[in-house]
Amino acid sequence: MIGFSITDFFIVHIFTLVTGQLGHANLKINLGPLKYLLNGPQMHLWHRAKEMPATHPNGFNYGITLSIWDFIFGTNCWPSDDENLPVGLPAGENFPTDFLGQMARPFQRVFGKKE
């Protein structure tokens, strides 16, 4: 952040942190027209949907703080305001429940264990 003061840096940092936490808070917050600029909880909820809509089979809603990038690049998806949307990993039921199992999971492919 060359050219910015430390105060400006912290303002942007805190704003980004708060927006990121709100995205994971599972709150129903209507951002109105700001939804085209800021990533809110409902948009992030659809990013975590278990089943991808046919219009976006490879994923969507990648913006962390700003949703405008998803609208610009066509990766935005918000088919409905479904409060009961199933979220999680597609094979989440088979995901380890213990800490060590979760830490070892990313390395299973490396060492040849099939899912």
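A residue counts as partly exposed when its relative accessible area lies between the buried limit, under 20%, and the exposed limit, over 50%. Phe10, with a relative accessible area of 42%, is therefore partly exposed. The model described here is predicted.

**Asn61 and its surroundings**
- Asn61 is placed in the loop that runs between helix H2 (41-47) and helix H3 (68-73).
- Because its relative accessibility is 1%, Asn61 counts as buried.
- A polar atom of the Asn61 side chain lies 2.9 Å from the backbone oxygen of Met43, and the side chain of Asn61 also reaches the backbone oxygen of Cys77 at 2.8 Å.
- With neighbours within four places in sequence left aside, the contacts of Asn61 are Met43, Trp46, His47, Asp70, Thr75, Asn76 and Cys77.

**The largest nonpolar core**
- Five residues form the largest nonpolar core: Trp46, Ala49, Phe60, Cys77 and Leu85.
- In soluble globular proteins, nonpolar side chains tend to be buried together.
- Cys77, a member of this core, touches Trp46, Pro53, Thr55, His56, Phe60 and Asn61 when residues up to four places away in sequence are not counted.

**Aromatic rings**
- The model contains three aromatic pairs.
- The ring centres of Phe9 and Phe10 are 5.4 Å apart and their planes stand at 75 degrees, so this pair is edge-to-face.
- Phe9, like Phe10, is partly exposed; the relative accessible area of Phe9 is 33%.
- Lys35 lies over the face of Trp78, at 4.8 Å from the ring centre.

Definitions and conventions: Residues numbered from 1 in each chain as written. Predicted model: local features only at pLDDT ≥ 70, side-chain atom pairs only at ≥ 80, totals over all residues. Heavy atoms only, no water. Helix = DSSP H or I, 4+ residues; strand = E, 2+ residues; numbered from the N terminus. Buried < 20%, exposed > 50% of the residue type's maximum accessible area, 1.4 Å probe, protein only. Polar contact = N/O pair within 3.5 Å; in protein donor to acceptor, adjacent residues only side chain to side chain. Contact = heavy atoms within 4.5 Å. Core = buried A, V, L, I, M, F, W, Y, C linked by side-chain atoms within 4.5 Å. Phe/Tyr/Trp six-rings, centres within 6.5 Å; stacked < 30°, edge-to-face > 60°. Lys NZ or Arg CZ within 6 Å of the ring centre and 35° of its normal.
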